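Subject: Structure handover

Hello,

Here is the structure I promised to pass on. Please open it first, then read my notes below.

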Amino acid sequence: MTEFFGVPLAVLTGQMMIGLINGSFYALLSLGLAIIFGLLNVINFAHGAFYMLGAFVSWWLLNHAGIGYWPSLALTPLIVGLLGAVFERTMLRRLYGLDHLFSLLLTFGLALALEGLFRWIYGAGGKSYPVPASLTGVYNLGFMVLPVYRAWVILASLVTCLLAWVVIEKTPLGARLRAATENPYLVTAFGINVPLMLTLTYAAGVGLAGLAGAMAAPIYQVSPNMGSSLIIIVFAVVVIGGMGSIMGSIVTGLMLGVLEALTKVFFPTASAITVFIVMILVLLLRPAGLFGKDR
């Protein structure tokens with residue numbers, strides 16, 4: 001059997017694939033965070049709660065409305081995005097222009113409230129969500145066996161992240177969004193509804209978290225705590241990539257997912273703090289982040 005530094009190749013590639021899966025969720029979640037911070041200048045600590053909400057919405061649609069995986073994959077981001085839009089218009093909007101601490105405290109409070117509510121309704125235990133029949137089975141790659149659903153998650157996350165980057169960076173809509181946050185008074189003079197643009201931006205950011213939750217449901221158990229255990233790592237990914245950097249979030253999320261998985265093979269005891277060690281080094285050497293711009 002082929003080995004690499006004493007580790008069987010099958011074990012190494014399997015662990016790297018797990019890292020890519022985790023990295024796909026890191027990328028998708030950090031992308032939503034980067035969009036919200038980069039365009040709205042809001043530190044959205046409720047992002048993990050919206051991720052959890054997406055998983056529960058998908059689970060509820062299946063078990064109570066009889067809606068399968070594929071329709072729920074389209075409906076869940078819309079439902080979560082709509083709830084995010086209501087939150088932005090009723091509460092978050094009042095804090096624009098104030099110190100970041102205010103929005104952080106508000107979104108942190110929302111996260112605690114949502115997690116507490118779902119823990120009260122559904123309990124702390126996890127709930128299973130079956131893999132859709134069309135994505136069952138495995139691919140035999142020769143050196144490893146890859147479940148079809150996990151391959152789908154990696155591909156879907158990459159495509160979603162790249163599409164979001166194209167929309168924000170390369171389309172007129174993205175240009176209007178960036179302009180609306182940088183100089184709202186000038187943009188309003190051109191007849192653009194700036195408050196609506198800001199609401200859509202926040203809804204899109206949390207909608208991405210909801211989509212990640214829907215895709216994570218068949219892999220991880222759906223539970224009220226699934227977002228809180230992930231949000232700190234995702235914030236670290238955003239800091240490493242560069243606060244507000246869209247491409248930085250995508251690349252850094254995937255990279256750190258693989259790095260974390262490889263650390264579990266070679267240095268298991270350090271795997272839980274790998275991301276934070278990298279964050280400390282990046283902040284010391286390049287405070288703006290790997291893809292951030294020095295101000």
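Let me start with a single residue. Thr199 sits in helix α8. Is Thr199 buried or exposed? Its relative accessibility is 5%, so Thr199 counts as buried. Keep in mind that this is a predicted model.

Now look at what surrounds Thr199. Set aside the neighbours within four places in sequence, and Thr199 is in contact with Ala85, Glu88, Arg89 and Arg93. Take Ala85 from that list. Thr199 and Ala85 are 114 residues apart in sequence, yet their C-alpha atoms are 5.6 Å apart in space.

Thr201 is in helix α8 too, which covers residues 194-216. Thr201 has 3% relative accessibility, so it counts as buried.

The whole protein

Next, step back. The protein has eleven helices and four strands. How many of the 295 residues are buried? The share is 49%.

The overall dimensions come next. A compact globule of 295 residues would have a radius of gyration near 19 Å. The protein has 19 Å, so the two agree. Along the principal axes, the C-alpha atoms fill a box of roughly 70 × 50 × 35 Å.

Count contacts between residues at least 6 apart in sequence: 75% of them join residues at least 24 apart. The Thr199 and Ala85 pair, 114 residues apart, shows such a separation.

Then the surface and the charges. The accessible surface is about 14,100 Å². Carbon and sulfur atoms account for 71% of that surface. There are 13 positive and 8 negative side chains. The centres of these two sets lie 8 Å apart.

Start with α4, residues 100-122. Helix α4 has 23 residues. From first C-alpha to last, α4 reaches 33 Å, close to the 33 Å expected at 1.5 Å a residue. Its buried residues are Ser103, Thr107, Leu110, Ala111, Leu114, Glu115 and Phe118. Notice the spacing as you click through them. An α-helix has 3.6 residues a turn, so residues three or four places apart point the same way.

What covers the buried residues of α4? The cover includes α2 (47-64), α3 (69-90) and α9 (228-241).

Then go to α5, residues 148-170. Helix α5 has 23 residues, so at 1.5 Å a residue it should span 33 Å. Its end C-alpha atoms are 32 Å apart, which agrees. The buried residues of α5 include Val148, Tyr149, Val153, Ile154 and Ala156. Also among them are Ser157, Thr160, Cys161, Ala164 and Ile168.

Loops worth a visit

Gly125 is in the loop between α4 and β3 (138-140). Its relative accessible area is 45%, so Gly125 is partly exposed. Gly125 touches Val222, Ser223 and Pro224, not counting residues up to four places away in sequence. Gln221 is 96 residues from Gly125 along the chain, and their C-alpha atoms are separated by 8.7 Å.

Asn41 is in the loop between α1 (9-40) and α2. Check its backbone. Asn41 is not a glycine, although it has a positive phi of about 60°. With a relative accessible area of 44%, Asn41 is partly exposed.

Ile273 lies in the loop between α10 (246-266) and α11 (274-285). At 44% relative accessibility, Ile273 counts as partly exposed. Ile273 and Ile233 are 40 residues apart in sequence. Their C-alpha atoms are 9.5 Å apart in space.

One more pair

Finish with Thr13, found in helix α1. Is Thr13 buried or exposed? The relative accessible area of Thr13 is 14%, and buried means under 20%, so Thr13 is buried. Thr13 and Ala261 are 248 residues apart in sequence. In space, their C-alpha atoms are 10.0 Å apart.

Best wishes

Key:
Residues are numbered from 1 along each chain as its sequence is written. This is a predicted model: local features need pLDDT of at least 70, side-chain atom pairs count only at pLDDT 80 or more; totals for chains, interfaces and linings use all residues. Side-chain values use heavy atoms; hydrogens and water are left out. Helices (H or I, at least four residues) and strands (E, at least two) are DSSP runs, numbered from the N terminus. The radius of gyration is taken over C-alpha atoms; the globule rule is 2.2 Å times the number of residues to the power 0.38. Buried means under 20% relative accessible area, exposed over 50%, partly exposed in between (1.4 Å probe, protein chains only). Contact means heavy atoms within 4.5 Å. Accessible areas come from the Shrake-Rupley method with a 1.4 Å probe; for residues, only the protein chains shown count as cover. Lys and Arg count as positive and Asp and Glu as negative; His and the chain ends are not counted. The place of a charge is taken as NZ of Lys, CZ of Arg, CG of Asp or CD of Glu. The expected span of a helix is 1.5 Å times one less than its number of residues.
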